[in-house]
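User: Please take a close look at the part at the start of this chain. Then go on to the other parts, step by step, in plain words.

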Amino acid sequence: MDPAGHRSLGALVRRHRTALGLTQEELAEAAGISARSLSDMERGITRTARRHTTAALADALRLSGEARRAFEDTARGRPAAAPAVPDAGALVGRDADLAAALGLLRTGGARLLTITGAGGVGKTSLATALVAAAGGDFADGAAFVPLADVRDPALVLPAVVEALGLRTGGPPADALAAHLADRDLLLVLDNMEQLTDAAPAVAELVARCPALRTVVTSRVALRVTPERELPLGPLALPVGSEPSPAAALFLERCAVVRPGGGPGPRTGRRSRRSAAASTGCRSRSSSPRPGCACSRPRSCSPGSPAGSPC
Ligand SMILES: Nc1ncnc2c1ncn2[C@@H]1O[C@H](COP(=O)(O)OP(=O)(O)O)[C@@H](O)[C@H]1O
Ligand SMILES: [Mg+2]
């Protein structure tokens, strides 16, 4: 997909043609165009097609429904719907997790990857960094579907339909399967923990769309095939007086909360916060607080009970 949101006509034609087991000559003959024209199209020399040629090719490729509409949009040079993906801010201390996620997607064959972990630990941050790092690997780019405000599992697929800008009157599962069947897309479903009853529907979508890669963020795993889970723990804690990612992030956020300064004078409450930064936010028992990534300096304090929301 180019920066204006146009998909490659050549790649699309080739993908549909090979799926049908046709040679270029056979497809050209079926569509009533020259083999040379088709070859130019597949090599990207011709990037759009006339209305008549588009229809003839779509017929010869036996396309219908959403798949045909997507093909026609591409052939006529109309931008594909490109849902907004949030900006990936600077990710602190997650190189190993990002590499693990990339590995699972690129070489591990993960088609449904769930990033799990406590609230605030950095699941969404990692997912957006993943899109920034890997979105370009996908011919059709990436789509980010925020689900934090969705409460009804039945509304998950409709939310995806809406995010992709699809027009459909039928069942969302069928519309999505038709639209995504031939798409090389990275789909991110962000914040699914309250929607795990929709897991079978997501798994079915993945099964129906062989080129689709789906990344889910959730406090809990979806527990469906073919899910692969990437559990995300708190950021690394300091060893001795060495700086740690958790402390770096905490101090960075303190600077945002209190522009122009660090955690503030070393008195009273502020001194406790400074202590939290240097220790990486530990509980009174000196063990790391589960789920605390030290990313919320407004509300996090080292004395909070372990496991409490940060
Ligand atoms: N590794 C990190 N680097 C930079 N910011 C982070 C990191 N982890 C978390 N944050 C910040 O902490 C907050 C919560 O992170 P988020 O990714 O939304 O957590 P989750 O999705 O697990 O609830 C956000 O403001 C986010 O920017
Ligand atoms: Mg999140």
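Analyst: Start with helix α1, residues 9-19, where Leu-9, Leu-12, Val-13, His-16 and Arg-17 are buried. Buried means that 20 or more other C-beta atoms lie within 10 Å of the residue's own; 12 or fewer makes it exposed, anything in between partly exposed, and C-beta atoms are placed from the backbone. The buried residues of α1 line one face of the helix, because they fall within an arc of 125 degrees seen down its axis. The arc is taken from the directions from the helix axis to the C-beta atoms. Just after α1, Gly-21 has a positive phi of about 70 degrees.

A word on the model. It is predicted: local features need pLDDT of at least 70, side-chain atom pairs count only at pLDDT 80 or more, and totals for chains, interfaces and linings use all residues. Residues are numbered from 1 along each chain as its sequence is written, while chains are lettered from A and ligands numbered from 1 in the order in which they are written.

Now the whole chain. It has 12 helices and 5 strands. These are DSSP runs numbered from the N terminus: helices are H or I with at least four residues, strands E with at least two. Of the 310 residues, 38% count as buried.

Next, α2 (residues 24-31) meets α3 (residues 35-42). Their axes come within 8 Å and cross at roughly 115 degrees. Axes are lines fitted to C-alpha atoms, for helices over the stretch in contact, and angles run from 0 to 180 degrees between N-to-C directions. On the α2 side, the contact uses Gln-24, Glu-25, Leu-27 and Ala-28; on the α3 side, Ala-35, Leu-38, Ser-39 and Glu-42. Contact means C-beta atoms, placed from the backbone, within 7 Å. Sorted by type, this contact has 4 nonpolar, 2 polar and 2 charged residues. Nonpolar covers Ala, Val, Leu, Ile, Met, Phe, Trp, Tyr, Cys and Pro; charged covers Asp, Glu, Lys and Arg; the others, Gly among them, are polar.

The contact residues include Leu-98 and Leu-102 of α6 and Leu-126 and Leu-130 of α7. This contact has 9 nonpolar, no polar and 2 charged residues.

Helix α10 (residues 199-208) has Ala-199, Val-202, Leu-205 and Val-206 buried. They lie on the same side of α10, because their arc is only 125 degrees. They pack against β1, α8, α9, β3 and β4.

In the loop between β3 and α10 sits Asn-191. Asn-191 is buried, because 20 other C-beta atoms lie within 10 Å. Leaving aside neighbours within four places in sequence, Asn-191 is in contact with Pro-146, Leu-147, Ala-148 and Thr-217.

Last, look at strand β5 (residues 227-231), which holds Glu-229. Glu-229 counts as partly exposed, because it has 18 C-beta neighbours inside 10 Å. Glu-229 and Leu-113 are 116 residues apart in sequence, but 5.8 Å apart in space, C-alpha to C-alpha.

Technical notes
Two residues are in contact if their C-beta atoms, placed from the backbone, lie within 7 Å.
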